[in-house]
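Please open the model in a viewer and keep the sequence panel at hand. The stops below proceed by selection, each followed by a description of what is found there.

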Amino acid sequence: MTGRLVLYKAWLWVLVLSGPLFCQQYPDQKVDYLLKRGINKIMSEDYGEAEQMFLKLSQSYPDLPLGNIYLAANKIAIAVDNGEAFDERYINSKFNQAEKQIEKLLAKNENNPWNQYFAALAKGYYAYYKALNKDYFSAFSNGLSSVSKFEKCLKLDSSFYEAYIAIGSYKYWKSAKTEFLKWLPFVNDEKELGIKYLKMAMSKRTYNFVLAENSLLWIYLNQKDYHRAASLAENVLREYPENRSFKWGLGQALQRINKPKSIEVYTALLKSFTDQRYNNHYNEIILKHRLAILFHETGDDKKAVRLCNEILATTQLSEWVKDKLDDRMDKVRKFKEELLQQ
């Protein structure tokens with residue numbers, strides 16, 4: 001891999017992780033209520049109720065882009081959580097509508113921090129969406145624009161604390177993913193400053209502070225600080241016990257420090273997918289593969305082989321799932337062969 005490609009991917013990683021994090025408490029109580037309730041419903045993975053909140057927001061405040069931005073965000077969250085293809089027509093439509101609303105607001109007053117915030121939020125989510133679709137050029141340009149607009153928010157209003165979540169995440173991952181350049185005189189290590197910004201934003205306990213915790217969780221995992229990562233995930237899961245994103249993080253942290261407990265977490269996560277009325281087997285296969293590896297590492301090869309057999313016997317996969325899991329299925333076949341040769 002060339003140095004330029006490494007740098008490009010590093011910056012993209014910064015922007016992807018900085019993208020979908022931001023929200024500030026809006027002064028209008030009804031807007032604040034609908035937004036807070038909708039975001040909490042996403043955190044609880046009650047996507048249907050979240051959609052209703054954001055639809056009310058969009059219909060009650062047709063000049064505000066928040067409803068359209070979060071309707072798109074909710075749709076993205078559903079696809080990511082379930083491991084399924086995006087509803088591209090719907091998502092692009094909502095982003096386009098939000099962009100038109102934002103252009104009108106900025107034309108009226110570009111020095112209003114809220115107007116800059118809406119633009120930053122929309123750009124951040126759009127960058128995240130593009131990155132998930134592997135459109136890296138668009139993800140990079142929109143993500144960088146998002147961070148720039150969040151910095152402008154802070155210049156206009158230093159109490160825009162949730163901008164610190166975005167900027168803190170950006171500073172950490174920029175430094176973490178460009179460490180190979182730290183010998184250059186103009187490249188500063190801002191990882192600690194990034195973490196400081198995140199903790200500062202979390203201390204204000206805005207209604208979106210849980211997303212700052214999500215950013216810190218993945219920072220701890222990157223730093224191999226698995227005990228702190230597990231503790232943070234467990235703390236959030238006490239408030240949002242159904243949140244599968246933090247369960248994935250918890251399971252990953254426990255893989256390094258407590259394999260039997262990691263098996264418990266992944267098994268519960270697996271059940272949450274297999275119990276669904278709709279299961280396209282995408283997450284089921286990933287989790288069974290991880291569990292097979294964990295059973296092997298804890299000395300139970302019989303269970304590991306059984307899970308490999310279940311994965312390889314799975315039928316009726318969509319073409320989208322087959323494409324996404326092609327490499328993993330090869331790994332499962334090789335892993336099973338290795339187990340049987342022992």
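Begin with the largest nonpolar core of this predicted model. Select F54, L66, Y70, Y117, F118, L216 and F246: among the 78 residues of that core, these touch the most other members. Next, select residues 66-82, which form helix α4. In soluble globular proteins, nonpolar side chains tend to be buried together.

Now display the whole chain. The chain contains 17 helices and zero strands. Of its 342 residues, 51% are buried. Where contacts link residues at least 6 apart in sequence, 63% of them join residues at least 24 apart.

The next stop is an open space. Which residues lie nearest the centre of the second largest pocket? Select F95, E99, I102, A122 and K123, which hold that position within a lining of 13 residues. The volume of this pocket is about 240 Å³. Then colour α5 (88-108), α6 (113-132) and α7 (136-156), the elements that each supply two or more residues to the lining. Helix α5 supplies the most, with seven residues. By class, the lining of this pocket consists of six nonpolar, three polar and four charged residues.

The model has two cavities of 30 Å³ or more. To find the second largest cavity, select N82, F273, Q276, Y278, N279, N280 and N283, which line it. The space inside amounts to about 40 Å³. How many of the residues lining the second largest cavity are charged? The lining has no charged residues; it divides into two nonpolar and five polar.

Finally, colour the chain by pLDDT. The mean over the chain is 87, and 89% of the residues reach 70 or more. Select residues 1-8, where the pLDDT is below 50. Beyond near neighbours in sequence, this stretch has nine contacts in the model. Then select residues 19-23, where pLDDT also stays under 50. For residues 19-23 the model has 27 contacts beyond four places in sequence.

Notes. Residues are numbered from 1 along each chain as its sequence is written. This is a predicted model: local features need pLDDT of at least 70, side-chain atom pairs count only at pLDDT 80 or more; totals for chains, interfaces and linings use all residues. Side-chain values use heavy atoms; hydrogens and water are left out. A nonpolar core is a set of buried Ala, Val, Leu, Ile, Met, Phe, Trp, Tyr and Cys residues joined through side-chain atoms within 4.5 Å. Buried means under 20% relative accessible area, exposed over 50%, partly exposed in between (1.4 Å probe, protein chains only). Helices (H or I, at least four residues) and strands (E, at least two) are DSSP runs, numbered from the N terminus. On a 1 Å grid over the protein atoms alone, a cavity is a set of points where a 1.4 Å probe fits but cannot get out, and a pocket is an open set with protein on both sides within 12 Å along at least five of seven lines; lining residues have an atom within 4 Å of a point. Grid points are joined across faces, edges and corners, and a volume is the space filled by probe spheres set on the points. Ala, Val, Leu, Ile, Met, Phe, Trp, Tyr, Cys and Pro count as nonpolar, Asp, Glu, Lys and Arg as charged, and the others, Gly among them, as polar. pLDDT is the predictor's confidence in each residue, from 0 to 100. Contact means heavy atoms within 4.5 Å.
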